[in-house]
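Please work through each task before reading its solution.

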Amino acid sequence: MEEYDFDHKIVEVNGINMHVVEKGQGPFVLFIHGFPELWYSWRHQISFMAKHGYRAVAPDLRGYGDTTGVPKDDPSKFSSLRVVGDLVELLNTIVPEEDKVFVVGHDWGAIIAWNLCLLRPDKVKALVNMSVPFSPRNPKRKPIESLKAIYGDDYYIVRFQEPGVMEAEFAKTGTKKVLEKFLTFRNPGPLYLPKGKHFDDNPVILPSWLSQKEVDYFASKCEQTGFTGGFNYYRALDLNWELTAAWSGAKVKVPVKFIVGDLDLTYNSPGAKDYINKGEMKKNVPLLEKVVILENVGHFLQQEKPDEINKHIHDFFKGFSST
């Protein structure tokens, strides 16, 4: 693992103490991580963008890493409105001179980025979003009910709902093993975690893009915090649905480039390929400028293919940097 010379700071925002990592000077780029991750998922992108004349900034979202001050026993504290609130307050605090910033999201970070663009399009110059396409709110059906109907009770998001249950099962498996299994997951089908037998006993052979040292970093932070903070994002899905009724039918009106790996479970969910590739997503994201499908690439694409992702981000933002 290369050593990273990044600045770490704690910023008080929205009633929490947010751990923020940054490097570089220039136009501001906000990187938003997913589950079960950290700012560290963006290590390659922070270095690259800083070298290329940007100020690259990646927080640990509430419930993750070294960000503290959120009561983890209350999933309502993890609604997208609150998380977007953290990020808006972060921008107002550390980059008050820039009205609009560049944003990059992945996985849950992509969901948060879509929400940031819906709630505060005035804050976002352009967005590179990865893995999770924009999904319009279904006014007739709550998300968990829909997911249960499609996938059943063993589907990972459904299994994450009951407080304490998956925490106990993951504790039995061991934090490091859980993270190794997640980070190396390459099955394009849906992720099922049946009770008591969610991961096989085979040792994980780490791919060339992920070292043991890197896994150890994720695991050391996750052992401190546990998984509850991350699970709470899933536990707040129905609450998000209730709170965002006012945005039913709203479109994302910022320029977007969307990137996904063809082995990503998100890209292989029912209807996703057609939605992304045949113009439906563009109806909801009218300024969708480019869709990139990376061949033979899994879910954690910014770590698996950092050079390609760095280039995609840089090429897209370059077009807006002078304006």
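**Exercise 1.** Determine whether C117 is buried or exposed in this predicted model.

*Solution.* The relative accessible area of C117 is 1%. A residue counts as buried under 20%. Therefore C117 is buried. C222, at 10% relative accessibility, also counts as buried. As for bonds between cysteines, the structure holds zero disulfides.

**Exercise 2.** Decide what span helix α14 should have, and compare it with the distance between its end C-alpha atoms.

*Solution.* Helix α14 covers residues 306-321, which is 16 residues. Among the buried residues of α14 are P306, I309, F316, F317 and F320.

**Exercise 3.** Classify the aromatic pair formed by F6 and W39.

*Solution.* A pair of aromatic rings is described by the distance of the centres and the angle of the planes. For F6 and W39, the centres are 5.8 Å apart and the planes stand at 80°. Planes over 60 degrees apart count as edge-to-face, so the pair of F6 and W39 is edge-to-face. This pair links distant parts of the chain: F6 lies in the segment before β1, and W39 lies in the loop between β3 and α1, 33 residues apart. Both F6 and W39 are buried.

For contrast, F316 and F317 form a tilted pair, 6.2 Å centre to centre with 40° between the planes. Both of these residues, F316 and F317, are buried. In total, the structure holds 33 aromatic pairs.

How values were computed. Residues are numbered from 1 along each chain as its sequence is written. This is a predicted model: local features need pLDDT of at least 70, side-chain atom pairs count only at pLDDT 80 or more; totals for chains, interfaces and linings use all residues. Side-chain values use heavy atoms; hydrogens and water are left out. Helices (H or I, at least four residues) and strands (E, at least two) are DSSP runs, numbered from the N terminus. The expected span of a helix is 1.5 Å times one less than its number of residues. Buried means under 20% relative accessible area, exposed over 50%, partly exposed in between (1.4 Å probe, protein chains only). A disulfide is a pair of cysteine sulfur atoms within 2.5 Å. Rings of Phe, Tyr and Trp (its six-membered ring) pair if their centres lie within 6.5 Å; planes under 30 degrees apart count as stacked, over 60 as edge-to-face and the rest as tilted.
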